Amino acid sequence: MIEILSRPQYIEQSQLNMWVDESIWGHRLYDEQTPWLCILEMFCIAQSEARKGRGFVEGKENDLSYEIYPRLYLRNILFNNPHLEAIAAVESLDDSERWQMWMDAISSNVGGLASSDFSYLKSRFGSFKHFSEIVKFLQSSAIEGDSNKRWSSKFVFPYGPDCLYEDLRVTGDKVTNDRRFFARTGELLYLMLCRSGRGEQILSCLEKIGIIVSDSSSNHRGSKWNQLVLALQSPSEQSPRSSGSPPYLPYTQLPEYERLADDWLNILGCDLPDYDALPHIVTITGLHLIIYLLSRAKATLGQQSPPRFVLEIVSPKKTTVRELASDEFQNNNFLPKQAIEHYIRSTANLPEWQACLNSYNPVEDAIDLLQKRFAWSAKGEDSEGAGSPEALLDSLLKESVRRHQQHLAKFHGSWAREIGLSSSRSSRRTRYAPTDALLRTLVLASVPTRMEFQEFLATLHQKYGFVIGDRQAESLINSGDADREDFVANAERLERRLASIGLLKRLSDACAYVQNPFASEVK
C-alpha cells in the first residue's frame, strides 16, 4: 500500500487556485524547467543541506527548507558583460586602462546590485587579458549558454559549491525569485533521492567529484575549476536567501525512487573523467521523471501495468515499428490529462458527495467539499452559474484541464525531446526514437561491464518499459499489430548502432555483447 501524504497547510494561503496536478505528482513537474536546470536546482538544495550535516536526509516529510546564494557579481561578469571582448581587443590601451574602461562599462550595466565594486578583480588576476580568457572559458562551458534566456537565468557549469546559485528575475537593482526556471522540479528530485534509501551513497559520490562539500568548517573549496569561479566573486557577496515554502512530494516510498537512485549510483560508479558523468545523470534523471509522471497517471487511472515505450531504431524507410512508436507516444502524452479528469470525476463516487446531493443546500455543500478536496474556491460565474453540484464539478474539471495544459501536460513531450527519447525526424508525427547520446547513457546505467545483447534488450524492458526486440513485443505481435520480423529488424538496427559508437562487439555469428567502456574495475 502506497502511503500518500496530506496536502501542506500553506497551500490554503498561497496563490495557487487549486490543488489537482499537485495531488497526483507533487509540487511540481514543470515543462519549462529543463532536465539540466532540474539537476542544478537539486545540487543547490543538496549543498545547502550538506553544509548543515543532513545531505539527502529528510527530517519531517515535506518540510524542506534550504538556503541558496544569488551570486550576482559572478553572474553579471559572466552573462551581463557585453563589453568585455571588445575592450580586451583594443590594442592601444595598456592593462590599467583596460581595467578602468571595463569597470566603468559594467558598473553602468550591472543588474541586481544597488551599488557595485569590481575592483577586487585586479588583485586576483595577473592581467586583464588573463581575466577575460577565464571569463570566456566559463561562458563557453555554461549550461545552455547559447539559449536566449534572460542573463539572470543562465548558469555556470557546476564545478563545485561556489558555482551553485538560484534562478532570479532582475529588474534594475530589484531581485525576485519568480520560480520560472527553478520551478521546484529539482526539489521533487531531491526528495525522491532522500526517500530512495540511497542518499548516503549518492552524497559520497557527489563529494568525490567535488560538486558538494559537506564540512561547514572546512576551507576546502573543491576543484581548481571551482576555485576559478570563486575568484570572480566579490568578498562582499550577498548572504544566501531562504527557499520559502517547502516542496510537496505526495508519496513516502515508491519503487521509482529506488530505481532512479540506483541508476545514479551506476553512472557515478563508472570510471569517467572529472565531470563527464553529469550529462548522463541529467539524461537518466529526465527519463526517470518521465516514467514517474506516467506511472502516477496510470496508478490514478487504476491501471496496474507499468508505462510502455515502443522505440523505433531509426530506419531510412517508414516501418510498422515507427507507427507503433508514434501511437505509443500519443497514448502516453494523453495519460496525465486522463488522470486528472478521472481524479476529479471520481469525487462523484464519494459518500461525502452523495451527502451533498441530498443536503438542504447542495451547491453550497458541494463548494465546501471541493474546496477541502482540491483547494478550489468557486468564484464568480463558477458558483453563481452552477445550478447543481454536477455543474460545479464540470466547472472544476474544465478549469483544472485548462490549467493542466499550460505546463504539466507539456512535460512528457518537452522532456522526452530534451533527453533524446523522442524525434519527429522524417515524419510528421513525434515518436520514441533514441539518440546515440541516450543509448550511451542507458549502457552506463544498465551494463556493469558487458552484457549479452538479448539480455540488454530484456534489461531495458524490465527497467524502463522499452520495447525494441521481438521478445519484448510479444503482446503487439500476438494482437496482430506487428509482425515478428518488424521487431527483429528493429533490434538488428540497434545492434548496428551500438557497434558503430563502440558499445557493442560481436564475438561470433551467434554472440554479441554490449560493453560499458567506462566500467569501474571495482565492479
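Q: In which loop is S127 found?
A: This is a predicted model, where local features need pLDDT of at least 70, side-chain atom pairs count only at pLDDT 80 or more, and totals for chains, interfaces and linings use all residues. Residues are numbered from 1 along each chain as its sequence is written, and side-chain values use heavy atoms, with hydrogens and water left out. Helices are DSSP runs of H or I with at least four residues, strands are E runs of at least two, and both are numbered from the N terminus. S127 is found in the loop between α5 (95-109) and α6 (128-140).

Q: Which residues does S127 contact, leaving aside neighbours within four places in sequence?
A: Contact means heavy atoms within 4.5 Å. P82 is 45 residues from S127 in sequence, and their C-alpha atoms are 19 Å apart. The contacts of S127 beyond four places are D95 and W99.

Q: Is S127 buried, partly exposed or exposed?
A: Buried means under 20% relative accessible area, exposed means over 50%, and partly exposed lies in between (1.4 Å probe, protein chains only). S127 has 23% relative accessibility, so this residue counts as partly exposed.

Q: What is the radius of gyration of the chain?
A: The radius is taken over C-alpha atoms, and the globule rule is 2.2 Å times the number of residues to the power 0.38. The C-alpha trace spans about 80 × 75 × 45 Å along its principal axes. For 523 residues a compact globule would have a radius near 24 Å; the chain agrees, with 26 Å.

Q: What share of the chain's residues is buried?
A: The chain holds 21 helices and eleven strands. Among contacts between residues at least 6 apart in sequence, 73% join residues at least 24 apart. Of the 523 residues, the buried share is 54%.

Q: Where does T283 lie, and which residues does T283 contact beyond four places in sequence?
A: T283 lies in helix α11. T283 is buried, at 14% relative accessible area. Its contacts beyond four places are I419, L438 and T441.

Q: How many residues of helix α18 are buried?
A: Helix α18 covers residues 436-446 and is mostly covered. Its buried residues include L438, T441 and L444.

Q: What is the relative accessible area of L370?
A: L370 is found in helix α14 (residues 362-374). Its contacts beyond four places include T347, W353 and L396. The C-alpha atoms of L370 and T347 are separated by 8.6 Å. L370 is buried, with a relative accessible area of 0%.

Q: What is the volume of the largest cavity?
A: On a 1 Å grid over the protein atoms alone, a cavity is a set of points where a 1.4 Å probe fits but cannot get out, and lining residues have an atom within 4 Å of a point. Points are joined across faces, edges and corners, and a volume is the space filled by probe spheres set on them. The lining includes E41, E166, D167 and R179. The largest cavity has a volume of about 70 Å³.

Notes. On a 1 Å grid over the protein atoms alone, a cavity is a set of points where a 1.4 Å probe fits but cannot get out, and a pocket is an open set with protein on both sides within 12 Å along at least five of seven lines; lining residues have an atom within 4 Å of a point.
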